[in-house]
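Please work through the exercises below with the sequence and the coordinates at hand.

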Amino acid sequence: MEEQRRETPDERLLPLPKRRHGRLKLYIGPVNGCGKTYELLQEGQLLKARGVDVAVAGGSTQYPAGLAEPGTELESIPGIRWPGNAVKQDLDVEAILARNPDVLLIDGLAHRNRPEARRRTRLDDIRCLLAHGISVITTVNVYELDGANEEARALSGLAGEAAVSADVLALADEVRLIDITPETMIARLAAAEGAGGEGATLPGAPAFRRDHVALLRELALRLVAKDAHASLAQRREAKGMVGPAGSAERILVAVQYHWNGSLYIRRGQQIARRLNGDMLVAAFIRPGKKLTREERAFRRSMRKLTEKVGGRFEERPLPSRRSFPDALNRYAAEQKATRIVLGHSRQTRLQELWHGSAVNGLLRRMDRIDLFFMADRSLYEGERVLAAKMRGPAAAGSQGRSDSPRGEDAAAAPKRGSFKVYVGSAPGVGKTYAMLREGNELQRKGLHVIIGLLETHGRSDTQAQAGSLAIVPRRIVTYRGARLEEMDTEAVLRFRPDVVLVDELAHSNVPGSARKKRYMDVLELLNAGISVISTVNVQHLESLNDAVGQLTGIRVRETVPDRVLHAADEVQLIDVTPQMLRQRMREGKIYAMEKVEQALTHFFKTENLIALRELALREIADDVDERLESWERTSSLRGPWRRHEAIIVCVPNAPSAETLIRRGFRISWRLKAEWHVIHVRPRGREAAEEELSRIAGLEEMTVRLGGTFQVHDAAKSELVHQVILCQAAACRATQLIVGQPRKRTLAKELVRGSTVRSLLRHARDMDVLVVSCQ
């Protein structure tokens, strides 16, 4: 929370509407016991140390079992007890106003006051306090929020004591998520109650199962991501910035009043759910056109279907057939769509030239919007949605996730260490601090824990958190006359600890080291039976490299293959609001003071931090959903996909190839699909050394991400599409991914044609995704 100051005597004399309004900060967690209260009280201590007048609303705070009580010295303002109930208390608003602290800590927002109380709920009390200039920090579980409350009850049977109005997120100045993995939550419950198993409870909390915690965790992640997206969109709009904001997907389905329109809507809904995005449906109609009886029936059914699947239907005017590409592209830009779903054209090339082609018009005009052409096979096979039941690891190939990353052969193989990764949205969020805190907790439980590598970046509080943990001396490497330090992996192996802490997973080792990357060192330790806890920022994930570059304007060089994160037993997000992170930066807690001003105006700009935070929240939510599906649960939030998929990614010898490979990986992971990357070059042309080097780099990236890479020759450039289609048939591909075609003059188009346009004409039995590479 930003710095608070006490009202001056003159401000107190102002009429209420003109007085300074208090700020509201909200800690959201998936379940009781995840650590909301700990963070609430810890922030209260920090504010008090800065000279802020902080008080705790008495009776609202119950210290979590097994956790320290960092806020016991904070002043408590007694509450009003319920008659005949020794535990339940309401806020004494009059006493709080008389005390008038700068900041009030309130644990437990979901509370209904006594029937005779002046205000009905605790949220109403907080609104009153905010209006009187008192800032509030409070906590809530996701299943206690109205709207999310209904979804949580449907998924896990949980509901809060009193549903809190969903507009509390809009009311809050800051919303911070306290994330926790199901494994950590179950272990904490078991330790608190002194009993094992998934049915352990905390006082006042219901019994939790692993899948319940995961479902509520995903719900919380997506809720906060949505709030972050809304905040970013609002800031961009205020600055006059156009185009999609953040990493949220918005699917626009273009339909006609025809029998196949419902199929397009169904597919759009499936894509939107798998990508966790919104869906819009638009029908473009000539003004004044009188619809036939059949068309009116199709319109009614499409409207009903769109409403049923949670989309929005709109009818748009279309002056003429040739204006369709402009009208659709303009509407997509207005609605900030990221992908347009439509059907394949059935025109021949001659018909396209004579009558004009809507597809060619869209390809020429697409700007930061992908085009998804739905396969004609739906005419014959329908769109039956099957339950998403994971195949075994052998059948799933590189994309399957078993219940444990060790797979079904774990019993026969040597015992592998467990792997936990703390993920953050940016430097300074507290990943290393959390890793060290967990290391100390494990050491207190009797485990042998050591620090394999620690990067404090001069932060004294991080160094202090290392406590009594033993640190393995670093290995000194001489490179080009400089003495550099790296983790001594061999020394860690000789120590044989139970757990080793390894900071900065994405680090590249000094050239000449036994392994190129630190994550490779970690895999070596895991295979030796040593458990590892590590840290990484979301911008270092290989498949997000393009998204991060687009969002921040900064290209990250050090990356980690997504499969490393997917193989982790636990992935936990350390969420910090942009306001808090920028405050830490100003205080010199992230970078040295001489670098602070530059950082705040570049990478640490508020818009960048919001965008990266949204990206991290959505990425971890997707990871949670993948794990739910691997547990063979059919009620994951994203819903089922259709069937077995195979994807072909067609890459040119151009900079856009890397973007296409990353996009192909992310889509294949979400669809549990096998995927292949194909590069086709005209036969007889001598490849330059630079071209061969680039192709080798593309192959290395593909293999690193878990795909296969193939190079084929075509008799001439006009026949490249035939080679691609031949390979697609051999792989039984269901989807092609291609890049946006280069803009050419009409003369060149007539003479040489276009590989993408040829594929769209001849691959109508497959889905084709045309990726905008701008």
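This is a predicted model: local features need pLDDT of at least 70, side-chain atom pairs count only at pLDDT 80 or more; totals for chains, interfaces and linings use all residues.

**Exercise 1. The chain as a whole**

Task: Determine how many helices and strands the chain has, and what percentage of its residues count as buried.

Solution. Step one is the count of elements: the secondary structure comprises 29 helices and 26 strands. Step two turns to burial: 56% of the 774 residues count as buried. Step three considers the surface, which comes to about 34,200 Å², with 51% of it belonging to carbon and sulfur atoms. In step four, contacts with a separation of 6 or more are examined; residues 24 or more positions apart account for 75% of them.

**Exercise 2. An open sheet and a helix across it**

Task: Give the strand order of the open sheet that contains β3 and β8, and state which strands form its edges.

Solution. The order reads β3-β2-β6-β7-β1-β8, with parallel pairing among the 6 strands. The edges are β3 (75-77) and β8 (174-177), each of which pairs on one side only. From one strand to the next, the twist averages 25°. A pair within this order can then be inspected: β6 (residues 103-106) and β7 (residues 135-141) run parallel and are joined by 4 bridges. Finally, helix α8 (residues 210-238) lies across β1 (24-29) and β8, and runs at about 150° to β8.

**Exercise 3. A second open sheet**

**Exercise 4. A hairpin**

Task: Describe the pairing of β17 with β18 and the turn between them.

Solution. Strands β17 (residues 475-479) and β18 (residues 482-486) are antiparallel and share 5 bridges. Across this pairing, T478 stands opposite R483 of β18. The two strands form a hairpin with 2 residues between them, and R480 in the turn has a positive phi of about 50°.

**Exercise 5. Positive phi in loops**

Task: Locate N100 and K672, and decide whether each is buried or exposed.

Solution. Most residues other than glycine have a negative phi. N100 has a phi near 50°, a positive value, and sits in the loop between α3 (93-99) and β6. K672 has a phi near 55°, likewise positive, and belongs to the loop between α25 (656-671) and β23 (674-682). The cut-off for burial is a relative accessible area under 20%. N100 has 13% and is therefore buried; K672, at 10%, therefore also counts as buried.

**Exercise 6. A covered strand and its partners**

Task: Show how β26 is covered and which strands pair with it.

Solution. In β26 (residues 767-771), 5 of 5 residues are buried. On one side these are D767, L769 and V771, and on the other V768 and V770. Strand β13 (residues 370-374) runs antiparallel to β26 over 3 bridges, with F373 opposite V768. Strand β25 (residues 735-739) is parallel to β26 over 5 bridges, and V768 is the bridge partner of L736.

**Exercise 7. A helix pair**

Task: Characterise the packing of α13 and α29.

Solution. Helices α13 (residues 358-365) and α29 (residues 755-762) pack at about 145°, with axes 11 Å apart. The crossing is right-handed. The contact involves V359, N360, L363 and R364 of α13 and V756, R757 and L760 of α29. Sorted by class, these comprise 4 nonpolar, 1 polar and 2 charged residues.

Conventions:
Residues are numbered from 1 along each chain as its sequence is written. Side-chain values use heavy atoms; hydrogens and water are left out. Two strands pair if DSSP finds at least two bridges between them. Axes are lines fitted to C-alpha atoms, for helices over the stretch in contact, and angles run from 0 to 180 degrees between N-to-C directions. A crossing is left-handed if the near helix is turned anticlockwise from the far one by less than a right angle, and right-handed if clockwise. Contact means heavy atoms within 4.5 Å. Ala, Val, Leu, Ile, Met, Phe, Trp, Tyr, Cys and Pro count as nonpolar, Asp, Glu, Lys and Arg as charged, and the others, Gly among them, as polar. Buried means under 20% relative accessible area, exposed over 50%, partly exposed in between (1.4 Å probe, protein chains only). Accessible areas come from the Shrake-Rupley method with a 1.4 Å probe; for residues, only the protein chains shown count as cover.
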